[in-house]
Amino acid sequence: MSKVVQAFLSGMFFTFILDFFLFLGVFENYIKAKEIDVYYNILFADHQNLFIFLFFSIILGYITLYKETKLSLIVIGTLSIISLSTLIPPIGSTLGEALLMKSDVEIHMIKYSYSGDILYDGRDKITFYDYNFKKVLHLDKNQIIGEY
């Protein structure tokens, strides 16, 4: 196997592990805390950015195979600490809000209109916190009129 392929596969391996812990922290400290009904696998798959994943795979693969060991340990160690820091509740919650939440949104449905925050925009449903009801609602995407 060529060194380029080995570097790319090594980079994918490290990037996958970093992504796993990043999304695990968001899942534990944002999704579960807000009682949003979504599985970890769906959260992980739906919110992957292919370009960012490939970028980090290439960079980490290059660093691990072509650079000195001390540099690769520093880079991977630092990224690991950053990724694992999402397991700390305030950090995971803040990152979850930054990635998944949309504030001050109005949603118009066939009979009703809602004003509040989108906590999670899923495949079929939207988990929505309504300001007037002071309650979390689960709205069906098929019944929403227009953009939100």
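Reader: Which backbone oxygen does the side chain of T64 reach?

Author: That would be the backbone oxygen of G61, at 3.0 Å. Keep in mind that this is a predicted model.

Reader: Okay, and where is T64 found?

Author: T64 is part of helix α3.

Reader: What else is T64 in contact with, leaving aside its neighbours within four places in sequence?

Author: With those set aside, T64 has contacts with S10, F14, S72 and I76.

Reader: Let's switch to the inside. How many residues does the largest nonpolar core have?

Author: The largest nonpolar core has 13 residues. Those with the most contacts inside this core are Y30, I31, I36, L43, L100 and Y120.

Reader: Which elements give two or more residues to that core?

Author: Those are α1 (3-31), α2 (40-46) and β2 (113-121). The one that gives the most is α1, with five residues.

Reader: You mentioned L43. What does L43 touch, not counting residues up to four places away in sequence?

Author: L43 touches F23, V26, F27, I31, V38, L100 and Y120.

Reader: How does the lining of the largest pocket look by class?

Author: By class, it has 11 nonpolar, five polar and one charged residues.

Reader: How much space lies in the second largest pocket?

Author: About 310 Å³. The lining of the second largest pocket is made up of I36, D37, V38, Y39, I42, Y120, G122, R123, D124, K125, T127 and H138.

Reader: Changing topic, what's up with the phi of E35?

Author: Phi of E35 is near 55°, which is a positive value in a residue other than glycine. For background, most residues other than glycine have a negative phi.

Reader: Where is E35 found, and is E35 buried or exposed?

Author: E35 sits in the loop between α1 and α2. E35 counts as exposed because its relative accessible area is 67%, and the cut-off for exposed is over 50%.

Reader: Which value of phi does D104 have?

Author: D104 has a positive phi of about 50°, although D104 is not a glycine. D104 lies in strand β1 (residues 102-109), and D104 is exposed, with a relative accessible area of 61%.

Reader: One more: is L73 buried or exposed?

Author: L73 is exposed, because its relative accessibility is 60%. L73 lies in helix α4.

Reader: What separation do the C-alpha atoms of L73 and Y129 have?

Author: They are separated by 43 Å, and the two residues are 56 residues apart along the chain.

Technical notes. Residues are numbered from 1 along each chain as its sequence is written. This is a predicted model: local features need pLDDT of at least 70, side-chain atom pairs count only at pLDDT 80 or more; totals for chains, interfaces and linings use all residues. Side-chain values use heavy atoms; hydrogens and water are left out. A nonpolar core is a set of buried Ala, Val, Leu, Ile, Met, Phe, Trp, Tyr and Cys residues joined through side-chain atoms within 4.5 Å. Buried means under 20% relative accessible area, exposed over 50%, partly exposed in between (1.4 Å probe, protein chains only). Helices (H or I, at least four residues) and strands (E, at least two) are DSSP runs, numbered from the N terminus. Contact means heavy atoms within 4.5 Å. Ala, Val, Leu, Ile, Met, Phe, Trp, Tyr, Cys and Pro count as nonpolar, Asp, Glu, Lys and Arg as charged, and the others, Gly among them, as polar. On a 1 Å grid over the protein atoms alone, a cavity is a set of points where a 1.4 Å probe fits but cannot get out, and a pocket is an open set with protein on both sides within 12 Å along at least five of seven lines; lining residues have an atom within 4 Å of a point. Grid points are joined across faces, edges and corners, and a volume is the space filled by probe spheres set on the points. A polar contact is a pair of N or O atoms within 3.5 Å; within protein, one must be able to donate a hydrogen and the other to accept it, and residues adjacent in sequence count only if both atoms are side-chain atoms.
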